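The following exercises concern a protein model, and each is followed by a worked solution.

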Amino acid sequence: MRRYGKHTDEDDVRVRPNRKGNRPRTSIRPKHEDASEGFVVTVDRGRLTVLVDGRTITAMKARELGRKSAVVGDQVAVVGDLSGEKDTLARIVRVEERRSVLRRTADDDDPYERVVVANADQLAIVTALADPEPRPRLIDRCLVAAYDAGLEPLLVLTKSDLASAEKLMGSYGALGVPYVVTSREELADGEAAERVRERLAGRITAFVGHSGVGKTTLVNALVPDRQRATGHVNAVTGRGRHTTTSALALPLPDGSGWVIDTPGVRSFGLHHVDPSRVIHAFPDLEPGTEGCPRACSHDEVDCALDQWVTDGHADPQRLYSLRRLLETRERREGD
């Protein structure tokens, strides 16, 4: 039933009062064309530390971004108080398109993706040669995640004073993945840091690794003026203790690149990676798939990889690692 007469004007229209006293909602979002560009260096409980024109400011995500969040490495648009003074707060109004995204899940059955870092160029996989023992399966998973995200992998092997790198590199040498071997003494005198720093020039490099492998110790050596807390390896469990609780981007002293220290991981789930792309992380095995039947699962009777390994083109442990990864992925697909 029509409430108003034929000839109504604005005074005749009833307007529901806005009890909150704020502006009415609209689907039109401001463009913020005058916003400043920033680089997210860390995130802590909803507060983001952003580098803007050489100043470090604290910001929070604007409500208009909805569920879209910013992570370390993101290029963002910021408005508000950009002075960087104490108790000031800016607002992130836009997250720019990402060049790369490194993701992981808690395990292969977890559908929730966690974005580790954005816009990185390189993934440094830090592994101790002893104390704790190397975990080749974790290395393989990190390689899969790196290739899937379009990052170049770099193996950084620590604690060579406790064990030789020869055995581990016997499995990974054929991959052509660049690597650096360091010892605790070399880190102390700066020699190891200099070798690693050469691999980081001009890049944004994310550091990942199992707890206790010396990842944060290495980062402290690379950026000596920004010391982060380090832990130790439990003598009973052989596991390290988490000391880095949030990712942090740090500029190299000469300004030639960035390192992003991330919390130690106990697992690196690959729920987000299509099983058909896992083989790309095994360049020593991939050429052998040319003789495989169509849609080969690489774990069946006619798989050509068995003969490829038998002929000495790759280490049998590499094929075992591939099939173990694929088995967990296929089991998840079948759930």
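The largest cavity has a volume of about 90 Å³. The model is predicted, so local features need pLDDT of at least 70 and side-chain atom pairs count only at pLDDT 80 or more, while totals for chains, interfaces and linings use all residues. Residues are numbered from 1 along each chain as its sequence is written, and side-chain values use heavy atoms, with hydrogens and water left out.

**Exercise 1.** Determine which residues lie nearest the centre of the largest cavity, and which element gives the most to its lining.

Solution. A cavity is a set of points on a 1 Å grid over the protein atoms alone where a 1.4 Å probe fits but cannot get out, and lining residues have an atom within 4 Å of a point. Volume is the space filled by probe spheres set on the points, which are joined across faces, edges and corners.

- Step 1: the structure holds one cavity of 30 Å³ or more.
- Step 2: the lining of the largest cavity comprises 15 residues, with Val126, Thr127, Arg135, Leu138 and His210 nearest its centre.
- Step 3: two or more lining residues come from each of strand 8 (122-128), helix 1 (136-149) and strand 11 (204-209). Helices (H or I, at least four residues) and strands (E, at least two) are DSSP runs, numbered from the N terminus.
- Step 4: strand 8 gives the most, with four residues.

**Exercise 2.** Describe how helix 4 and helix 5 pack, and state which residues meet.

Solution. 

- Step 1: helix 4 (residues 191-200) and helix 5 (residues 215-222) pack at an angle of about 85°, their axes being 9 Å apart. Axes are lines fitted to C-alpha atoms over the stretch in contact, with angles from 0 to 180 degrees between N-to-C directions.
- Step 2: the two helices are therefore roughly perpendicular (65 to 115 degrees).
- Step 3: Ala193, Val196, Arg197 and Leu200 of helix 4 meet Leu218, Ala221 and Leu222 of helix 5, contact being heavy atoms within 4.5 Å.

Key:
1 Å grid on protein atoms, 1.4 Å probe; cavity = no way out; pocket = protein on both sides within 12 Å on 5 of 7 lines; lining within 4 Å. Parallel < 35°, antiparallel > 145°, perpendicular 65-115°, else oblique.
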